[in-house]
Amino acid sequence: MQPDPAKPFSYEKFPTFGLVAYFSMEIAIQPAMPTYSGGLGVLAGDTLRSAADMGIPLVAFSLAHRKGYFQQHLDGVGAQTEEVQPWNPADFCTEEAARVTVSIEDRVVVVRAWRYDLQGRSGHVVPIYLLDTDLEENSGWDRGLTDHLYGGDTNYRLQQEIVLGMAGARMASALGLDVNVYHMNEGHAALLTLTLLERQVGGGPLGSVDDVDVERVRTKCVFTTHTPVPAGHDRFSNEQSIRILGAERTARLEKLGCFHEGLLNMTLLALRFSRYANGVAMLHGKVSREMFPQFAIDSITNGVHAPTWMGEPIQQMLDTHLPAWRRDHLYLRNAIEIPEQDILRAHARAKETLLSEVASRTGLVLNPNVLTLGFARRAATYKRASLLLTQPERLLEIANKAGGLQILYAGKAHPQDTPGKALIHQVIEAAGKLSNDMLRIVYLENYAWDLGALLTAGVDVWINTPRRPYEASGTSGMKAAMNAVPSLSILDGWWVEGCIEGVTGWAIEDGPDDAAEAESLYLKLENSVVPLYLDAREKWAQLMRTTLAFNGSYFNTNRMVKQYTRNAYYPVKLLERAQVEEPIYAG
Ligand SMILES: *Cc1c(COP(=O)(O)O)cnc(C)c1O
C-alpha cells in the first residue's frame with residue numbers, strides 16, 4: 001500500500017495500529033486559552049502539534065479549566081497575588097453532543113466535551129477534547145470540578161482525576177473512537193485504567209478481575225512519568241480513595257499493588273497497568289528506575305515544537321538557507337553552513353523585539369548591545385532562582401567587566417507555594433538593591449507562553465540552576481537552542497545530553513552545596529561567557545550556530561513523537577506480529 005500524496009491522511013491507512021488517545025491534565029493549545037500552567041502543558045501541546053504535523057492518528061483529552069490557572073500580579077516589593085482567568089470554551093471549541101457519567105463520592109456527575117481541532121502543516125487534524133462538568137444536571141460543587149487547574153485541595157484533585165481518566169475513557173467510546181493505545185501523560189490520568197478494567201469485566205464488580213484482565217488492559221496502555229522525586233508523585237489517602245472512588249475499587253487497587261506507604265500512588269497505578277513506561281530524559285529514566293526498580297522504565301527525551309518556539313527572524317533565515325527544515329527537522333543539523341552574520345542579524349532582531357516588549361511592560365529601556373541573561377520558569381524552590389544573586393559584589397564586577405549586564409527574570413509561584421513566593425520576593429528585592437547603570441535586573445510579571453517565546457528567542461544566554469535531580473527534563477533551554485541561544489546550566493534533565501562545553505553552551509559543575517554551584521556559575525560567566533561575548537563576535541556566532549544545528553535538530557517534538565511512535569505506540573515487536581511493512585508515520 002503506497003501513500004497517495006494527493007490524498008489527505010486518513011486513519012484507514014493504518015488499520016492495524018488504530019488510534020492513540022493522549023491524556024494530560026494540562027495542554028497548552030494556544031496562548032489565548034489558559035488551559036496550562038507550565039512545562040507539562042507546553043510539552044503536551046508541542047507533542048500534539050508535532051503529531052498533527054506528522055499525520056499521527058491521535059486524539060487528546062484534558063479538562064476545560066474554565067477559570068484557567070491564574071494571572072500573576074507582583075506589587076512593588078515583589079508580593080504575588082493571583083487572579084482567575086475565566087474563558088469561554090465556546091469561543092474556541094465545538095460542543096460535542098455526547099454525554100457520559102462518572103460516580104464521585106455518592107453522586108453521579110454528568111460530563112460533556114468541547115472539541116478543538118488542532119491542524120497540522122499538511123491539514124491532518126488532532127482533535128483535543130476538553131472535558132467539562134459545568135452542566136445544569138450537576139450540583140454547584142460538581143459544576144466547578146473542571147474550573148481550576150491545580151486548584152483546591154487533594155479531594156478536589158482526586159475528583160478532577162476521576163473526570164480526566166474515567167470520564168475521559170468513557171467519552172472516547174461515546175464519541176465512537178476506536179482507541180488502540182491509551183497514553184497517560186503523567187499520573188494524573190492513571191484512573192483511566194480503572195475504566196478499562198471495569199470494561200474488561202463487562203462493567204461488573206471488580207471482585208472478578210483476574211491476571212488475564214489486567215494483562216488485557218496493559219496491552220493498551222503506555223505511561224510517561226515526569227516526576228524525579230518520591231514527594232512529587234500524586235498520592236491520596238486510603239480514606240480519600242474509599243470515600244471518593246469507592247470501597248470496592250479501592251480494595252482492588254490495593255490488591256493490585258497500587259498503594260505505597262498506605263497511600264494510593266498514581267504513578268504506581270499507571271506503571272502497574274502499562275505495557276510501556278518512560279521518563280522524559282536519559283537521566284530521568286535512570287532516576288525513575290531507581291525509584292521503581294520493579295518496573296522497566298525507558299527514556300524518551302523531551303523536545304519542543306520547532307515552528308512554535310522559533311522566533312520569526314530565525315525562521316525566515318532558515319527558510320532562505322534550508323527550506324527543508326520545515327518538513328524534516330533533522331535538516332536543522334545543516335544550519336552549520338549558514339553564514340555567521342546571518343545568525344547574528346536574526347538574533348539581533350529577536351533581541352530588539354524582546355527589549356521593546358520589556359520597555360512597553362515596565363518602561364525600562366534596555367541596551368541591545370549589552371549581554372543579556374534570561375531566567376524564566378515556575379518559581380519552584382528547587383529551581384533556585386536566586387543562585388545567580390548569591391554574591392552581589394561579584395555580579396557587579398562581572399557587569400563592569402562586560403561593559404554592562406542585563407538579567408531578565410520571570411515566573412509564577414503556585415498560589416499555595418509559600419516558599420516559592422518568598423523566592424520571587426527575594427529576587428525582586430535583590431534586583432532593586434543591585435541594579436545600577438551597569439547591572440539591570442528585571443522581574444517580568446505573568447510568565448506565560450508569549451513572554452516565554454520572546455525571552456527564549458531574545459536573550460543571549462539562557463540560565464538554568466535546578467538542584468539535581470529535580471529537573472526531570474526542562475524544556476525552556478531547548479526553546480533557547482531553537483533560537484541559537486546557548487545555555488549555562490546545571491547538568492540535570494535534558495542538559496546532560498544537550499551540553500557540549502563551548503559548543504552548545506556551558507555546564508555549571510556539580511558541587512556539594514548551593515555555594516559551590518554558585519561559584520561554578522560565576523566562574524563560567526567570568527572565564528567563558530563574558531570574554532567570548534566581548535572579544536570574539538565571530539566565535540560567539542559560531543557557538544550560536546552549533547547550538548541551533550546540534551540541539552535544534554534533536555531536541556524537537558518531531559524527533560520525540562517518532563520515538564514514541566516506534567518505542568511506545570507501535571513498537572517493532574507489534575509491527576512484526578502484524579507483518580506490516582508500511583512506514584508507521586506519514587509526513
Ligand atoms: C517552556 C515553558 C515552561 C517549561 O520550562 P522549564 O524549562 O521546564 O522550566 C514553563 N512555562 C512556560 C510558559 C513555558 O513556555
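Predicted model: local features only at pLDDT ≥ 70, side-chain atom pairs only at ≥ 80, totals over all residues.
Arg-384 sits in the loop between β16, residues 371-376, and α13, residues 392-401. I begin with this residue on account of its backbone. The phi angle of Arg-384 is near 50 degrees, a positive value in a residue other than glycine.

The peptide bond from Arg-468 to Pro-469 is cis, and its omega is near -5 degrees. Pro-469 is placed in the loop between β19, residues 461-464, and α16, residues 476-482.

Let me turn now to the domains. The domain assignment divides the protein chain into domain 1, comprising 19-71 and 81-299, and domain 2, comprising 306-555. Between the C-alpha centres of domain 1 and domain 2 there is a distance of 33 Å.

How many residues of each domain take part in the contact between them? On the side of domain 1 there are 24 residues, and these are in contact with 27 residues of domain 2. The size of an interface is often given as the accessible area lost when the parts come together. Here, domain 1 and domain 2 bury about 2,100 Å² between them, and 61% of that area lies on carbon and sulfur atoms. Of the area that domain 1 buries against domain 2, 21% is supplied by Pro-31, Phe-70 and Leu-283, more than by any other three residues.

I come next to the polar side of this interface. Seven residue pairs are in polar contact between domain 1 and domain 2, both residues being at pLDDT 80 or more. The side of domain 1 that touches domain 2 draws at least two residues from each of α1, residues 39-54, and α9, residues 282-291. Of the elements on that side, α9 gives the most, with four residues.

As for salt bridges, the count between domain 1 and domain 2 is one. Elsewhere in my list is the pair of Lys-421 and Glu-82, whose side chains meet in a salt bridge at 2.8 Å, N to O.

Across the whole structure, the search finds 33 salt bridges. Among them is the pair of Asp-134 and Arg-66, with the closest N and O atoms 3.7 Å apart. This pair links distant parts of the chain: Asp-134 is in the loop between β8 and α2, Arg-66 is in the loop between β2 and β3, and the two are 68 residues apart.

Finally, the aromatic rings. The count comes to 18 aromatic pairs. One of them, Phe-61 with Tyr-129, is stacked, at 5.2 Å centre to centre and 25 degrees between the planes. Phe-61 belongs to strand β2, residues 58-63, and Tyr-129 to strand β8, residues 125-132; this pair, too, links distant parts of the chain, 68 residues apart.

Notes
Residues numbered from 1 in each chain as written. Heavy atoms only, no water. Domains from an automatic or database assignment. Contact = heavy atoms within 4.5 Å. Buried area = accessible area lost by both parts, 1.4 Å probe. Salt bridge = Lys/Arg side-chain N within 4 Å of Asp/Glu carboxyl O. Polar contact = N/O pair within 3.5 Å; in protein donor to acceptor, adjacent residues only side chain to side chain. Phe/Tyr/Trp six-rings, centres within 6.5 Å; stacked < 30°, edge-to-face > 60°.
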